[in-house]
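I opened the model to go through some helices, cores, contacts and backbone angles. My entries follow in the order I looked things up.

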Amino acid sequence: MALIQTRGARWLGAALVAGALVASPPGLAAQLRLPYTIDTLPNGLTLIVHEDHSVPTVAVNVWYHVGSGDERVGRTGFAHLFEHLMFMGSEHAPYPTFDRLLEAAGANNNGSTTEDRTNYYESGPRTALPLMLWLEADRMGWLLPPMDSAKVDLQRDVVKNERRERLENAPYGVARDHLPSALFPAGHPYSWPVIGSMRDLSAASLEDVKAFFRMYYAPNNATLVVAGDVTPAEVRQLVRRYFADIPRGPAPDRPPTPAFQLAHDTVVVLEDRVQLPRLYLDWHTPRAYAPDDAALNVLAYLLTGAKNGRLTQPLVYDRQVATNAFAYQDGRLRDGEFSVIATAKPGMPLDTIRAIVDRELARLVAEGPAAHELDQAKNALEADRLRGLENVDAKADQLNAYYYFTGTPDYLAEDLKALRDVTAADVQRVARQYLQAPRVILSVVPEGKRELAAGQGVTP
C-alpha cells in the first residue's frame with residue numbers, strides 16, 4: 001500500500017504519468033501528489049475532481065460507503081446483492097438501457113463489493129461524461145420505483161450461483177467461507193464472507209432490499225470522483241444538474257466494531273475435492289493506514305514478494321515442499337488481517353510447512369531483514385503503486401480509497417512517507433507483535449486425508 005523513492009532515479013515513474021501526478025521540486029522530499037478539488041452538495045454528496053488532460057478520456061467512480069461489514073447477522077450478502085441490483089434498471093433508464101447507452105458511447109462500466117464499500121465505475125471518451133453522470137444519478141435517486149420481487153429473485157439466484165462457483169464448488173473455496181468466522185468473533189462486521197450465506201440470501205425480501213437501499217444508497221453516504229480530461233467547473237455544473245434533486249438519506253446506522261484478541265491458536269480442518277493440501281495462517285492486525293500497516297506490507301513482501309523471499313526460498317526452492325507461497329497484509333476500514341498461504345506438494349503434511357514458516361518468522365524476529373532485502377521490498381512496493389496510477393480509472397479509485405480510509409483524497413505523500421520510514425527494527429517489531437501472537441491455522445486437505453492437516457497437536 002505504500003511507496004518508496006528509488007535510490008537510482010528520483011521518481012522514475014513520474015514521467016510515466018505526466019499530467020496525472022505532480023512532483024514537488026527536488027530536495028523537498030520529492031513527493032508526488034494527486035491534485036484534486038473537493039465540494040459537497042447540499043444533499044451531502046461529496047464530489048472530487050482530478051484533472052488529467054494527457055488523454056481525452058474520463059473516469060467516473062462512485063463509492064457508496066457500505067459493504068458487507070455494514071450488514072447484520074441473519075441479513076448478510078445485501079451489499080453484494082445490491083452490486084447486481086444496481087444494474088437492473090432505474091426509473092428513467094430501464095434495463096438494459098444502462099449498458100446499451102454506455103456501449104454506444106464507447107464507454108464501459110462495472111462494480112465491486114468489499115467488506116467496507118461498494119463501488120460503481122465508468123470510463124470512456126470525455127464526450128460520454130454527461131451520460132455517465134446521468135445514469136449514475138438515475139440509479140442513485142430513482143432505482144426503487146421499478147424495483148420488484150421478480151428483479152430481486154433473479155439477482156438473488158445469480159448471486160447464489162456466484163457463491164456456488166466461487167466458494168462451494170471452487171477448489172479451496174471452503175477456506176474463504178470459514179476463515180472470517182475463525183479469525184473474527186461472532187458479530188464482528190468481518191466475521192462473514194462478503195457474498196453472504198445461502199440462508200440469508202434466501203430470506204431477503206423485497207422490503208428488506210428496499211430498506212437497505214434507503215439506508216445506505218443516498219448521496220450523503222457516497223463519494224463521486226471524476227478524473228480525466230475535465231475541469232472542475234464543468235464537472236460541478238453537470239453534477240449539480242443531475243444529482244442536486246436527490247434527497248439526503250438518513251444517517252447510516254453503523255454496527256460497532258468490537259475490540260478483541262485471539263486467546264489461543266484456532267485450528268480448523270476442512271476436506272475438499274482437491275489434489276494438494278493447502279495451509280492458511282491468519283493473524284489479527286491493524287486497519288488500513290494505521291501506524292503499523294506499512295511495516296506489515298513490507299513484511300509481507302519480505303516473506304513471499306520475490307523468489308528469494310524468506311518463505312518462498314525455503315518452501316518452494318530449497319526444501320521443495322510447497323508449490324507456492326503467498327503473504328499479504330489486508331488492512332481494512334475497521335480491522336486488518338495478515339495471511340500466509342502455502343500449497344503443499346502431493347501428500348506433504350502441512351505441519352512440515354507450518355514448521356518452516358514458524359522457523360523463518362522466528363529468525364526474522366531475531367535478526368531482522370538485511371539492508372538489501374529492505375531496499376528491495378520498498379522499491380518493489382513503490383513500483384507497484386506507481387504502475388497503479390498510470391490511468392485515470394486507477395487514479396479515480398485511489399482518490400476515493402484515500403478519502404474514505406483517511407479523510408484526505410490526496411494521501412499519497414503520507415502514504416509514501418509511511419513506507420519510507422519503515423526500518424529493519426520496525427519489521428522485527430511488527431513480526432514479533434503480530435505474527436508471534438495466537439492465530440488461525442486452517443488446513444484444506446483432500447477428502448479422506450485429514451492426517452495431512454496442520455496444528456492437530458496444538459493445545460488451545
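The model is predicted, and I started with helix α15, which spans residues 424–435. I counted twelve residues in α15 and a reach of 16 Å from the first C-alpha to the last, close to the 16 Å expected at 1.5 Å a residue. Which residues of α15 are buried? I found V427, Q428, V430, A431, Y434 and L435 to be buried. Residues three or four places apart in an α-helix point the same way, because there are 3.6 residues a turn.

The largest nonpolar core has 53 residues, and I noted L133, Y217, L224, V226 and F243 as the ones that touch the most other members. Helix α3 (residues 129–141) gives the largest share of this core, six residues. I listed what V226 touches, leaving out residues up to four places away in sequence: L47, I48, V49, H50, V58, A59, V60, L129, L133 and V235. There is a second, separate core of 47 residues, and L311, V316, A322 and A377 are among them.

How do the axes of α2 and α3 cross? The axes of α2 (residues 97–104) and α3 come within 10 Å and cross at roughly 170°. Angles over 145 degrees count as roughly antiparallel, so α2 is roughly antiparallel to α3. From α2, I noted F98, L101 and L102 as the residues that meet α3. Their partners in α3 are L131, M132, W134, L135, E136 and R139.

I checked the bond from Y95 to P96 and found it cis, with omega near 5°. P96 sits in the loop between α1 (78–85) and α2.

I located T113 in strand β6, residues 108–113. T113 counts as buried because its relative accessibility is 14%, and the cut-off is under 20%. The side chains of T113 and E83 are joined by a polar contact of 2.6 Å. Setting aside neighbours within four places in sequence, I found T113 in contact with A79, H80, E83, T118 and V194.

Is Y36 buried or partly exposed? Y36 has 34% relative accessibility and therefore counts as partly exposed. I placed Y36 in the loop between β2 (32–33) and β3 (37–40). Beyond neighbours within four places in sequence, Y36 is in contact with I48, V49, L399, P409 and D410. I also took the separation of Y36 and E382, which is 346 residues in sequence and 22 Å in space, C-alpha to C-alpha.

Y289 is not a glycine, yet I read a positive phi of about 65° for it. Y289 lies in the loop between β10 and α9 and is buried, with a relative accessible area of 17%. For Q320, also a residue other than glycine, phi is positive and near 55°. Q320 is in the loop between α10 (312–318) and β11 (322–331). At 48% relative accessibility, I logged Q320 as partly exposed.

Definitions and conventions. Residues numbered from 1 in each chain as written. Predicted model: local features only at pLDDT ≥ 70, side-chain atom pairs only at ≥ 80, totals over all residues. Heavy atoms only, no water. Helix = DSSP H or I, 4+ residues; strand = E, 2+ residues; numbered from the N terminus. Expected span 1.5 Å × (residues − 1). Buried < 20%, exposed > 50% of the residue type's maximum accessible area, 1.4 Å probe, protein only. Polar contact = N/O pair within 3.5 Å; in protein donor to acceptor, adjacent residues only side chain to side chain. Contact = heavy atoms within 4.5 Å. Core = buried A, V, L, I, M, F, W, Y, C linked by side-chain atoms within 4.5 Å. Axes fitted to C-alpha atoms, helices over the stretch in contact; angles between N-to-C directions. Parallel < 35°, antiparallel > 145°, perpendicular 65-115°, else oblique.
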